[in-house]
Amino acid sequence: MDEPEFRVVDPLRRFLWWFSPPAAIAVIGLILVLVTGHVTGPLKHITVVRAMLASKREFFEDEQVKRILMANGYQVQITPVGSFELAEKEDLDTFGFVFPSGQSAADRVRERRQGQHAIAFRPFFTPIVLATFREYADALVKAGVAEQQSTSLYYDLDVDKMVELIDSGALWSDQGLDNRNRIIAQSPDPCRTYSGAVYVGLVAFARYRHPPAGEAEAVKMGRELKPMFDAEGQHGEDMAPKYFVPEGRSFAPIAVIYEHQFLAHQIRELERNGRLDDQRVLLYPKAQHESAPELISLSPEGDEIGRLLMENADLRQRAVELGFHVLSPGGAPEIDFAGFLGQRGVPVPRSGSGNTETWLPANALLKKMIGEIGDCRW
Amino acid sequence: MPVVRLAVVLLLVLTACTANSPEQVRLSVLATSELADLGPVLADLRRDTGVELTMEYRGTVEAGTELANFDAAWLSTSRFLRLRGGEPALSTSTMLSPLVFGVKAGKAARLGEQPSWADIADHAAAGDLKFGMADPRVSGSGMAALVGVATAAAGTGAALRTADVRCDRIQGFLAGRAFDAPDVIEEFVRRQDDVDAVVAPESAILSLNASGRLREPLKVVYPRDGIVLADYPLMLLRPEKRDAYDRVTQWLRSPAAQQAIMDRTRRRPIDPAVARTGELAAPIGNPLYFPDSQEVLDRLLAAYDRAGTGRQIVFVLDYSKSMAGPRVEGLRQAFAALNGFDRFYVGETVTIVRFAGQVLDERSVTVTRKEDVDALLAVVASDDLREYTAIWSALDEAYRLVHGDASIVVMTDGENNAGLGLAEFLGRKRAAVPTYAIRFGEAGPGELGRVTAATGGRVVDASAKSLLEAVREIRGCR
């Protein structure tokens, strides 16, 4: 039987014996993290800003945008909501900023915030377009409704003729495609989204050639347009995510989206596969509508986000890469958009950039018209 | 000792890495039954995000009434909630799967290369195709199937309106329904020897094929005229759970999770950048637009409930001499055109009364298979045309042959000039059976109009195109 053995242990030495190696690793790790600039968490204070956004949330959901904001001490928590709903939300005041997609919703937000903090920023703009697939665009060319631009991804759309074609009840199969569905474009819900509402305005102008003169006419136009929108069936909120999946044709052959969504997709395709997606193409309405969405800050933190969007070079560069036309504080286009696309190898669309918003009915009349078309809950 | 030391150091380092792992949270989720296959994915989700989803399973349609008791809902679609104005504000699509027919390979070959809903309805009505589908009152896939077949049957190329829902046109399709069990896949496995097909999401069919539980694998059929896609939105119901919800949706939409979902459940990624592999690389065809009205769905359900109640349709056909040539030819063509959505269907009783100066022939068949209908066509093909026209006597005979729920169709070109007179005919007491008349040439609308109107029916002019339309309308639900 062994004698019990006693050893004298120096507690400090024993502690260091165990403690030093992990401590060394922790220190090295910390240095690495500091050097690579990925410090977040407890080392730097991050302000979470709550925001309500419509289609422009894609910008804030972008990983690079998140990183840039984070590096500046901000994280945006997004509540996605259609522009019109956004403007009417009861808890509007609880958000740091809101970013509806179009002018009328922004006006309504300002109206509700009278006498309170409400500062507007216009960091970029993007037109509303009709996105489709190559064979459908070609069918529209054959039907005399669209014309290909000089570059392969873009077509000019004669909305007047398109509306005539839709009204006639024509089927895609009439144009030689293997699809017995009616020729229609699927728009987002006009009751809730700005792009859906603009599409109603676009179609109404094509049919009547003038905006409604008063409420009675707006109601009459809405009633007459209703069957065309009923044919689309149930409206969703944002058509883009479903348009870009490989199964996109099985959701809708033509979807009303924003130009930036399409360009961002093409830029991603180039980065990923080294070539453009030549199956997806855009139809540019000849009477164009450019939405210059306003970020409306409702708090000092919101002001900071707005300021970063207007001033931070990285964010502004990223906005271009995401397909937006970036505006200077004075409202003029700033970064050379065509130059950027050209340099990336994305064909440059020819889009009317004049002031063509005049055909869009005044907000109250447009809403009256839309109220006749959809079962709006406002 | 150094080994132990090294191990302890490693352990400390590793735990240090996960020391800031997110707070453990539990989310109660009301999920569509199909999502029971997500088990391994949810385990990974919990490991990576600290969020445990406790799933309770319901059908997507019935789930609408129970949302109040859960933190989140994960259904096959938000369409049904949206129709009732109850769609939650935060909703994130997570994956895709089209609703398809899984058809035994042998049967699929008989449906043709790329069958349409009409082809499927045609075979179902003829008793050639027995399928299982989920109950549309409970399940999103059952309801989507009903919407799909009714939209295709309406043939407008647009979303269904209330006026388009003509229940007769889906009765033939529904005649092929072998069961509507809550779990269609399990039920199909049990009954695979006597059922030919099952209506279910593509993911369920592909998984079933891979499971090795089938004696004959199923071919995935995407109806050529249009499919309905489910996008499985995860919807936040309790705003205070927002952080956990964000963690879950962000994780679910990450490329790695999307890949795992595809590999394990055979659903298609919502992320366009994740390449579809194997069977999922195939295109799935044209969309069917989803109706924007609860009333349309209610009508479809009413038609669904009525299906298979063994209706009778009695044709009273004029074979007098004046019908010779194009008229009797038109009548035969009208019968021959009754296929696809218009086919006489299994369980339907069809009675033909052929008459001239008297009843020449009567034949009654309750359809059990396609050959039964051929026998009826043989009666219509008869060249036995005779003198005189005894419309009221023939109609009187038709009423005698009616049992239960029925309608009567008279096809004639002449005035009554034999047998019972109108007054005598009208004087006889009988059950009210809706009666319609298809009028060829000079047949006077007056008397026919009186007789048909009294039963709730009407007179239809028989031009070449209207004949088929008339027969369709006549067979319609009342």
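## Report on a two-chain predicted model

A compact globule of 378 residues would have a radius of gyration near 21 Å, whereas chain A has 26 Å. The radius of gyration is taken over C-alpha atoms, and the globule rule is 2.2 Å times the number of residues to the power 0.38. This is a predicted model, in which local features need pLDDT of at least 70 and side-chain atom pairs count only at pLDDT 80 or more, while totals for chains, interfaces and linings use all residues. Residues are numbered from 1 along each chain as its sequence is written, and chains are lettered from A and ligands numbered from 1 in the order in which they are written.

The table sets out the overall description of each chain. Helices (H or I, at least four residues) and strands (E, at least two) are DSSP runs, numbered from the N terminus. A residue is buried if 20 or more other C-beta atoms, placed from the backbone, lie within 10 Å of its own.

| Property | Chain A | Chain B |
|---|---|---|
| Secondary structure | 15 helices, twelve strands | 18 helices, 18 strands |
| Span along principal axes (C-alpha) | about 105 × 55 × 50 Å | roughly 115 × 45 × 35 Å |
| Buried residues | 44% of 378 residues | 49% of 478 residues |

For chain B, a compact globule of 478 residues would have a radius of gyration near 23 Å, but the chain has 29 Å. Two residues are in contact if their C-beta atoms, placed from the backbone, lie within 7 Å. Among contacts with a separation of 6 or more, residues 24 or more positions apart account for 74% in chain A and for 77% in chain B.

Chain B is divided into domain 1 (20–95 + 230–281), domain 2 (97–229 + 286–305) and domain 3 (309–474); such bounds come from an automatic or database domain assignment. The centres of domain 1 and domain 2 of chain B, taken over C-alpha atoms, are separated by 25 Å. Their contact takes 23 residues from domain 1 and 18 residues from domain 2. On the domain 1 side, helix 3 (residues 79–83) of chain B gives the most, with three residues.

Between the chains, 27 residues of chain A are in contact with 34 residues of chain B. The elements giving two or more residues to the chain A side are helix 1 (11–36) and helix 10 (240–244) of chain A. Helix 1 of chain A gives the most, with four residues. By class, this side of chain A has 14 nonpolar, six polar and seven charged residues. Here Ala, Val, Leu, Ile, Met, Phe, Trp, Tyr, Cys and Pro count as nonpolar, Asp, Glu, Lys and Arg as charged, and the others, Gly among them, as polar.

Conventions:
Buried ≥ 20, exposed ≤ 12 C-beta atoms within 10 Å, placed from the backbone.
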